[in-house]
Each structure stands twice: as C-alpha cells, then as structure tokens.
Amino acid sequence: MAMTEDELARACADSMWANDNASSGLGMKIEEVSRGYARQSMPVRHDMTNGQKIAHGGFIFLLADSAFAFACNGRNQFTVAQHCAISFVAPGFEGDVLTSIATEKHQQGRSGIYDATVTNQNGETIAEFRGHSRSVKGQHIPDSEL
C-alpha cells in the first residue's frame, strides 16, 4: 500500500530526526509535519540568552531553520538551504516556549521558497523567516521501502 504525501513527509521527518543532534539537543520537538509544512517548538533555556537577557537570535534562527528543513524535505529528496533571511520583531525570554511554523510558498523543480513565523507561548510574533531550498542528491527513505 502506497503512502500518502503526508505519511511520506512524516516518514522523512522521522528519518531526519533520528540524526538531528542539533535540534534535539536544544530541546526542540516536532509537533506536526506534512508535505510542505512543519511546526516545531523549543523552550528558551538560561544558556540560550545573551548579554541583554533575551533569547540569542542565533537560537531563534536555528528553530526557524529547523522547521524550514522539515517542511522542505517531505518529498523524500534531500533538500538543503540555499539562502535564508530572518527579521527579529520582538524579543524572546528565558522560560518562553517558542514555536516555528514553516510553510511552503513555492516549489518547482529543485528550488523552493518557504516562510516560517516564530511565536512565543502567547502567540506573539518573535521573528519572520524566509528560506530558499535546493534539492540535492539523495533520499531519506530508499525506494525499496516505499
């Protein structure tokens, strides 16, 4: 029995997660994934704050980038970031739980464009991210297992 597009996206995410030491090591959780979509969360720990006692932008970027990665890898084709940009619009604080929702805006051939919004536990926007993806050689799940 063939997998649906969303089942394939989940299987690809599970395969990626098994080797994603950065995301799991920062306490991230994949809350939902489907083709072209991913929602991840991450608690802001004390060691993630900067000299102004706010969440370091690098960690916020990493959360958005990770959600982007899971959103764009659901077609069972290795896909990497080609270009990314982020705009920080509000600070995150120690104890916050940040959530990034990444959605596919355009995908054609080997290239895609994805937007991710990072919010805190109150639904307040912390950052807006745009990622451009590029498919490369390799698959998450061998064709023989599909």
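Here is a short chat about the predicted model shown above.

Colleague: What should I know about the model before we start?
Modeller: It's predicted, so local features need pLDDT of at least 70 and side-chain atom pairs count only at pLDDT 80 or more, while totals for chains, interfaces and linings use all residues. Residues are numbered from 1 along each chain as its sequence is written, and side-chain values use heavy atoms, with hydrogens and water left out.

Colleague: Okay, how many helices and strands does the protein chain have?
Modeller: Three helices and six strands. Those are DSSP runs numbered from the N terminus: helices are H or I with at least four residues, strands are E with at least two.

Colleague: And in what order do the elements run?
Modeller: From the N terminus on, it goes α-α-β-β-α-β-β-β-β.

Colleague: How are the six strands arranged?
Modeller: They make an open sheet, ordered 1-2-4-5-6-3, with antiparallel pairing. Two strands pair if DSSP finds at least two bridges between them.

Colleague: Which ones are the edge strands?
Modeller: Strand 1 (29-34) and strand 3 (79-88), since each pairs on one side only.

Colleague: How many bridges join strand 5 to strand 6?
Modeller: Nine, between residues 111-119 and residues 125-135. In that pair, aspartate 115 stands opposite arginine 130 of strand 6.

Colleague: New topic: what percentage of the residues count as buried?
Modeller: 38% of the 146 residues in the protein chain. Buried means under 20% relative accessible area, exposed over 50%, and partly exposed in between (1.4 Å probe, protein chains only).

Colleague: What does the C-alpha trace span?
Modeller: About 50 × 25 × 25 Å along the principal axes of the protein chain.
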